[in-house]
Amino acid sequence: MTTPVCTSASNAMTRTLPYPSFSSYVKARQPVLLRTARSLTANPSDAEDLLQTALAKTYVAWERIEDHRALDGYVRRALLNTRTSQWRKRKVDEFVCDELPEPEGTPGADPAEGQALHDAMWRAVMKLPGRQRAMVVLRYYEDLSEAQTAEVLGVSVGTVKSAVSRALGKLREDPELEPVR
């Protein structure tokens, strides 16, 4: 009996890639990708920076990309993801000035008062029922989203929303936290 020979593997090895190297891909596709980047930003310089970042991400993944015919889609997704990340970051404008604008005579907060507030808050949280306490801690101390909190506790998102709302209402009414308000 003869053993079947797989010819598709040998054909895959002999086929030529549309872009033999990353630099040839960039040279061929840069104008098209730059137009895409410009459609995502208002400033041409920002578009160039965005494209450069997306191409850097593509370069890192170049060996893992199996289908080089899908490179444009990969780079476009990298452009979009990078731009979305930029939108989500808080933009802080910096202004050059001769002197630093420091407040005059503003005393710093007393560390003892801060610790007293922290202790009072924990005592109030500890008074909550266990389930509400767990949800408040996960949401506000661990900074999880409502969906993540629901997943951790094995409940629905609506349950998390209503329980946290009730817990915050109880915290607002706590007499120990009255001086804070």
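This is a predicted model: local features need pLDDT of at least 70, side-chain atom pairs count only at pLDDT 80 or more; totals for chains, interfaces and linings use all residues.
## Packing of α3 against α4

Helix α3, which spans residues 44-61, and helix α4, which spans residues 71-88, have axes that come within 9 Å and cross at roughly 125°. An angle over 145 degrees would count as roughly antiparallel and one of 65 to 115 as roughly perpendicular, and α3 and α4 are therefore oblique to each other. The crossing of these two helices is right-handed.

On the α3 side the contact is made by Leu50, Leu51, Thr53, Ala54, Leu55, Lys57, Thr58 and Ala61, while α4 contributes Tyr74, Val75, Ala78, Leu79, Thr82, Arg83 and Gln86.

## The largest nonpolar core

The largest nonpolar core comprises 18 residues, and those with the most contacts inside it are Tyr25, Leu51, Leu55, Val75 and Leu79. Helices α2 (22-40), α3 and α4 are the elements that give two or more residues to this core, and α2 gives the most, with six residues.

Val75 belongs both to the contact of α4 with α3 and to the residues with the most contacts inside the core. When residues up to four places away in sequence are not counted, Val75 touches Tyr25, Leu33, Ala54, Leu55 and Thr58.

## A separate core

In soluble globular proteins, nonpolar side chains tend to be buried together.

Definitions and conventions
Residues are numbered from 1 along each chain as its sequence is written. Side-chain values use heavy atoms; hydrogens and water are left out. Axes are lines fitted to C-alpha atoms, for helices over the stretch in contact, and angles run from 0 to 180 degrees between N-to-C directions. Helices (H or I, at least four residues) and strands (E, at least two) are DSSP runs, numbered from the N terminus. Angles under 35 degrees count as roughly parallel, over 145 as roughly antiparallel, 65 to 115 as roughly perpendicular and the rest as oblique. A crossing is left-handed if the near helix is turned anticlockwise from the far one by less than a right angle, and right-handed if clockwise. Contact means heavy atoms within 4.5 Å. A nonpolar core is a set of buried Ala, Val, Leu, Ile, Met, Phe, Trp, Tyr and Cys residues joined through side-chain atoms within 4.5 Å. Buried means under 20% relative accessible area, exposed over 50%, partly exposed in between (1.4 Å probe, protein chains only).
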